[in-house]
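Here's a quick walk through a structure, section by section. Have a look at the sequence and the model first.

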2 protein chains.
Amino acid sequence: MTDPAFEAHDHHACIVDGVAAVERACVARGLQLTQTRKRVLEILLSEHKAMGAYEILDVLRAEGLGSQPPVAYRALEFLTKHGFAHRIERLNAFIACSHFGDAHAPVFLICRRCNSVAESRSDVAKSEIGRIAKGAGFVIERTVREAEGLCPKCVEAA
Amino acid sequence: MTDPAFEAHDHHACIVDGVAAVERACVARGLQLTQTRKRVLEILLSEHKAMGAYEILDVLRAEGLGSQPPVAYRALEFLTKHGFAHRIERLNAFIACSHFGDAHAPVFLICRRCNSVAESRSDVAKSEIGRIAKGAGFVIERTVREAEGLCPKCVEAA
DNA sequence: CCTTAGTCGTTATGATATTTCATAGCAACC
DNA sequence: GGTTGCTATGAAATATCATAACGACTAAGG
Ligand SMILES: [Zn+2]
Ligand SMILES: [Zn+2]
Ligand SMILES: [Zn+2]
Ligand SMILES: [Zn+2]
């Protein structure tokens, strides 16, 4: 078992398919994928890495799509709110969702050497954090599960 | 099964015992629990809530123990580095460790209503995130596992 | 036309974190 | 005693991340 983010793949298709899927979802759910929102999604899809809000803003600014922080944050809020992107708490950064579809509780593997980020989905109910919460009578609404370390390539390189 | 953070307990003992345990550990490991470090630990222990660095700094400043951000951050770095406190990524804030002792991979339950935070320990190797990483050939060095939701009290109140 | 909800652009501000350079205290060693 | 190395501090500036607030624009529905 390997992960797209950690191995070679047709990345152009990654981007095209990702945008198309979100476009379909927005139509289906009556959401407006405005130009800025779409562009931010493309920027996030352009690499399997997490990008900071200001890094994204730099690109928008260069393209004349906005220059102030709220422009980027609003687009990111839209994308994360609807599950098209995720926020990586450990990095204060964002990444496009790579398990697109329904709502899910993502798990991230973050390589500290090459900065790649892989997303896995997981069932909170069956996870350890779910078990702990249940035992404590705690009702989970959202989870943050991120592991930092070395990806297969970087382990090999080291 | 319940959690200290989520139920009534002798909180004064919580603080005293917590400081005493860290003092012993510092002696044992040859670490220096300086006045500022000790005071920051006490501040963190004073509540089962996460506190922001500047919130802590305000207290230090009022007591003449330092007024600049690095003063608070250095003490927090010391405490987190040695496992006496943890950083809650979701909140950009810090909390005293409540499972004091050896190195561990903490799991946090964060109540969004009353802001209490409970810490559990867990074995990464046996957790879902560990299983996912293993399958991907990813070597974990650190994990962030935080659940946000409602604690037992707040569930009942709602 | 008018209203309303959503979006957008901008200014200003707040909150969090790091970098940099300089200094103080202390113990080991010669 | 003087030097060296180490750890902790102090102080200033800067970098990074995030939100509040307000007015203007626009599309959809009556
Ligand atoms: Zn996802
Ligand atoms: Zn890597
Ligand atoms: Zn702990
Ligand atoms: Zn609560």
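Predicted model: local features only at pLDDT ≥ 70, side-chain atom pairs only at ≥ 80, totals over all residues.

How are the donor residues of the zinc ion (ligand 3) spaced in sequence?

## The zinc site

The spacing reads H-x10-C-x6-H-x14-E. Those protein donors are His86(B) (NE2), Cys97(B) (SG), His104(B) (NE2) and Glu119(B) (OE), sitting 1.8 to 2.2 Å from the zinc ion (ligand 3). Donors here are N, O and S atoms within 2.8 Å of the metal (3.2 Å for Na, K and Ca), and with water not among the atoms, sites may look incomplete.

His104(B) belongs to the loop between strand E2 (93-96) and strand E3 (105-111) of chain B, while Glu119(B) is in strand E4 (residues 117-122) of chain B, so the pair ties together parts 15 residues apart in sequence. Helices (H or I, at least four residues) and strands (E, at least two) are DSSP runs, numbered from the N terminus.

## Helix H1 of chain A

The buried residues of H1(A) are Gly18(A), Val19(A), Ala21(A), Val22(A), Ala25(A) and Cys26(A). Buried means under 20% relative accessible area, exposed over 50%, partly exposed in between (1.4 Å probe, protein chains only). Turned away from that buried side are the exposed His12(A), Arg24(A), Val27(A) and Ala28(A).

On the buried side, H1(A) packs against helix H2 (35-45) and helix H4 (69-81) of chain A, with contact meaning heavy atoms within 4.5 Å.

Residues are numbered from 1 along each chain as its sequence is written, chains are lettered from A and ligands numbered from 1 in the order written, and side-chain values use heavy atoms, leaving out hydrogens and water.
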